[in-house]
Amino acid sequence: MKTLNIGLIGCGRISDIYLQTCQRFAELSVTACASLDAAESRAKARQYRIPKACTPEGIFSDPDIDCVLNLTIPAAHAEISLKALHAGKHIYSEKPFVTQREEGERILQLAREKGLLVGNAPDTFFGARWQTARKLIDQGVIGKPTGVFAFVGTRGVERHHPNPDFYYQDGGGPLLDLGPYYLTAMIFLLGPLRSVSGMAKRTFEQRLIESQPRAGETIPVDIDTHVQSMLAFQSGVIGSMTMSFDIWESATPRFEVYGENGTLCIPDPDPVHGANIFEGEVWYRTRETSRWVYQPRQLSGLDHWQVAQNQHAINQNSRGVGLLDLAYAIHENRQPRASGELALHVFDAMSGILASAQDGNSKTLRSTCPIPAPLAEDFGTMTETTT
Ligand SMILES: NC(=O)c1ccc[n+]([C@@H]2O[C@H](COP(=O)([O-])OP(=O)(O)OC[C@H]3O[C@@H](n4cnc5c(N)ncnc54)[C@H](O)[C@@H]3O)[C@@H](O)[C@H]2O)c1
């Protein structure tokens, strides 16, 4: 199989884990990198032995680059993705897919016209715990799914991100930032959505940056930062989801699926990073097991639970592994699992929730998407390099 030559645009905070993942797999080779800051791009090229640091235009015009990895800020995602497609490159972008639905439709349409593939984060559902959860549901362990619940309560990102501004501008906020992980996982487990509704609130008009180098600086908040959602799936499953930057801490379960014969629970030990976790236990309790007492974060509480030990190959932080699947998808002439259609459906759900919060009406979604196929258990191990 031909190596996928990748041009990275956006050399900020999230790029390190992507570059480390790309180095793990022989099918992926980052051959150039660019950002708005030439010094930052040069430093990243040096650190990861990337042959060329250049401008975004230098990536678009490079005939040897097959795919643009778009790790820019949300407001720039659509512009970079469209330019890359016009230049004949496949694309894989960070979430959120876009900030306006029309941009997403344009991207998918252009890709279809040009015969190019569109991949999009998150790819956390490739991880062992989500693949295990899917297997348990498919095997009927909890019976027919009836409900789903997800919760992330954090106090925002200004305590740890050096440039938190974009999280509080259009395209940011807890729903667009964290919602994609949970909605994508829900769609992977339960199928596409039919309708959504929501309520939203902005608790603070300003945020104080507490991380270096801008500690002490105040930034404005342009979007709602506490969002409650109601979800109806095409399968008949109903659910609720809370995503917030206004909560100091919570002991609420992070992700649960209810079935006619049991409950599946994905405890999330990291409230800051939400579902940014590929590995970890999946707990379940069925009609046959004894009653349990929920004790978050205490493994000793597990004796009343069945614990599924996931054996899957993607059992560590592997952001970017969706790109590996995109490389296979090009080779196998199919759509990638972390596809643009999936990302647009997730975006539709999130914009429906925010629109419903404005006018009080439930929103029927215009889009749908294919349910990503589960991975083979050895996915990613065949050509994993040792460096
Ligand atoms: N930081 C995280 O923990 C994290 C986690 C998951 C996903 N993400 C997502 O990854 C993306 C990037 O986040 P980040 O934290 O790395 O941001 P960042 O601010 O650290 O870096 C952004 C990079 O994009 C470049 N850039 C911005 N606009 C550009 C443009 N128009 N043209 C070319 N380059 C441009 C900047 O120069 C910089 O290199 C966002 O979509 C974010 O939602 C971030």
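The legends below describe close-up views of one predicted protein model.

Residues are numbered from 1 along each chain as its sequence is written. Because the model is predicted, local features need pLDDT of at least 70 and side-chain atom pairs count only at pLDDT 80 or more, whereas totals for chains, interfaces and linings use all residues, and side-chain values use heavy atoms, with hydrogens and water left out.

**Figure 1. The protein chain as a whole, with 9 helices and 17 strands.** Helices (H or I, at least four residues) and strands (E, at least two) are DSSP runs, numbered from the N terminus. The C-alpha trace spans about 60 × 50 × 40 Å along its principal axes. For 387 residues a compact globule would have a radius of gyration near 21 Å, and the 20 Å of the protein chain agrees with this; the radius is taken over C-alpha atoms, and the globule rule is 2.2 Å times the number of residues to the power 0.38. Of the 387 residues, 58% count as buried, where buried means under 20% relative accessible area, exposed over 50% and partly exposed in between (1.4 Å probe, protein chains only). Among contacts (heavy atoms within 4.5 Å) between residues at least 6 apart in sequence, 74% join residues at least 24 apart. The protein chain exposes about 16200 Å², of which carbon and sulfur atoms supply 51%; these areas come from the Shrake-Rupley method with a 1.4 Å probe, and for residues only the protein chains shown count as cover.

**Figure 2. Helix H4 (residues 74-86) and the elements around its buried residues.** Pro74, Ala76, His77, Ala78, Ile80, Ser81, Leu82, Ala84 and Leu85 are buried in this helix. The buried residues of H4 pack against strands E1 (4-9), E4 (67-70) and E5 (90-93), as well as against helices H3 (56-60) and H5 (101-114). Glu79 and Lys83 are 4 residues apart, about one turn of the helix. An α-helix has 3.6 residues a turn, so residues three or four places apart point the same way. Glu79 is partly exposed at 46% relative accessibility, and Lys83 is partly exposed at 35%. Just after H4, Gly88 takes a positive phi of about 85°.

**Figure 3. Salt bridges elsewhere in the structure, which holds 22 of them.** Lys2 and Asp66 meet through their side chains at 3.0 Å, N to O. Lys2 lies in the segment before E1 and Asp66 in the loop between H3 and E4, so this pair ties together parts that are 64 residues apart in sequence. Lys2 is exposed, with a relative accessible area of 56%. In a second pair, the closest N and O atoms of Arg337 and Asp325 are 2.8 Å apart. Arg337 is in the loop between helix H8 (321-332) and helix H9 (340-359), while Asp325 belongs to H8, so the pair ties together parts that are 12 residues apart in sequence. Both Arg337 and Asp325 are buried. A network of salt bridges links Arg155, Glu158, Arg207 and Asp246.

**Figure 4. Strand E12 (residues 238-244), with 5 of its 7 residues buried.** This strand is therefore largely enclosed by the rest of the structure. Strand E7 (residues 145-153) runs parallel to E12 and is joined to it by 7 bridges; two strands pair if DSSP finds at least two bridges between them. Phe149 has Ser240 as its bridge partner in E12. Strand E11 (residues 226-233) runs antiparallel to E12, again with 7 bridges, and Ala232 has Ile238 as its bridge partner in E12. E11 and E12 form a hairpin with 4 residues between them, and Gly236 in the turn has a positive phi of about 100°.

Definitions and conventions. Salt bridge = Lys/Arg side-chain N within 4 Å of Asp/Glu carboxyl O.
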